[in-house]
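Colleague: I would like to go through the labels on this model. Tell me what each one rests on.

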Amino acid sequence: MSSVGETLANERRRLGKTIAEVESATRIRAGILHALENEEWDRLPSAAYVKGYIQNYATFLGIPPAPLLRQFDSQARLRPPQEQFH
């Protein structure tokens with residue numbers, strides 16, 4: 001099973017979309033898109049914002065966001081407190 005970031009990045013590439021195209025369509029900044037795809041959670045704002053980004057990005061790619069959101073929640077619970085979101 002792919003991780004959240006891998007799933008988003010792989011689907012974007014499969015569709016032939018660039019980060020710039022996703023940024024323009026979703027209004028999610030390129031830096032945030034890169035951080036999502038690379039699961040650099042410490043570079044992102046609170047989990048509530050990250051969930052919104054995941055939902056918006058997945059919807060744009062035409063994939064159901066719910067499984068990705070559940071996976072994100074699972075990953076967040078497994079992180080030690082110092083690695084969780086600010």
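Modeller: One term to begin with: contact means heavy atoms within 4.5 Å. Keep in mind that this is a predicted model.

Colleague: Which residues does Arg 12 touch, not counting residues up to four places away in sequence?

Modeller: Arg 12 sits in helix H1. Its contacts are Lys 17, Thr 18, Ile 19, Val 22, Glu 37, Tyr 57 and Leu 61, with residues up to four places away in sequence left out.

Colleague: Why is Arg 12 called buried?

Modeller: The relative accessible area of Arg 12 is 9%. Buried means under 20%. Therefore Arg 12 counts as buried.

Colleague: What makes Glu 40 partly exposed?

Modeller: Its relative accessible area is 27%. Buried would need under 20%, and exposed over 50%. Glu 40 lies in between, so it is partly exposed. Its place is the loop between H3 and H4. In space, Glu 40 is 9.1 Å from Gly 5, C-alpha to C-alpha, though 35 residues separate them in sequence.

Colleague: How many aromatic pairs does the structure hold?

Modeller: One aromatic pair. The rings are those of Trp 41 and Phe 72.

Colleague: Why is that pair called edge-to-face?

Modeller: A pair of aromatic rings is described by the distance of the centres and the angle of the planes. Here the centres are 5.2 Å apart, and pairing requires them within 6.5 Å. The planes stand at 70°, and over 60 counts as edge-to-face. So the label holds. The pair links distant parts of the chain, with Trp 41 in the loop between H3 and H4 and Phe 72 in helix H5, 31 residues apart. Both Trp 41 and Phe 72 are buried.

Colleague: Which residues of H3 are buried, and what covers them?

Modeller: Ile 32, Leu 33, Ala 35, Leu 36 and Glu 37 are the buried ones. Their cover includes H1, H2 and H4. Just after H3, Glu 39 adopts a positive phi of about 50°.

Colleague: What does the largest nonpolar core contain?

Modeller: It has 21 residues. Leu 8, Leu 36, Leu 44, Val 50, Ile 54 and Tyr 57 have the most contacts inside it. Helices H1 (4–14), H2 (19–26), H3 (30–37), H4 (47–61) and H5 (65–78) each supply at least two residues of this core.

Colleague: Which helix gives the most to this core?

Modeller: H4 does, with six residues.

Terms used
Residues numbered from 1 in each chain as written. Predicted model: local features only at pLDDT ≥ 70, side-chain atom pairs only at ≥ 80, totals over all residues. Heavy atoms only, no water. Core = buried A, V, L, I, M, F, W, Y, C linked by side-chain atoms within 4.5 Å. Buried < 20%, exposed > 50% of the residue type's maximum accessible area, 1.4 Å probe, protein only. Helix = DSSP H or I, 4+ residues; strand = E, 2+ residues; numbered from the N terminus. Phe/Tyr/Trp six-rings, centres within 6.5 Å; stacked < 30°, edge-to-face > 60°.
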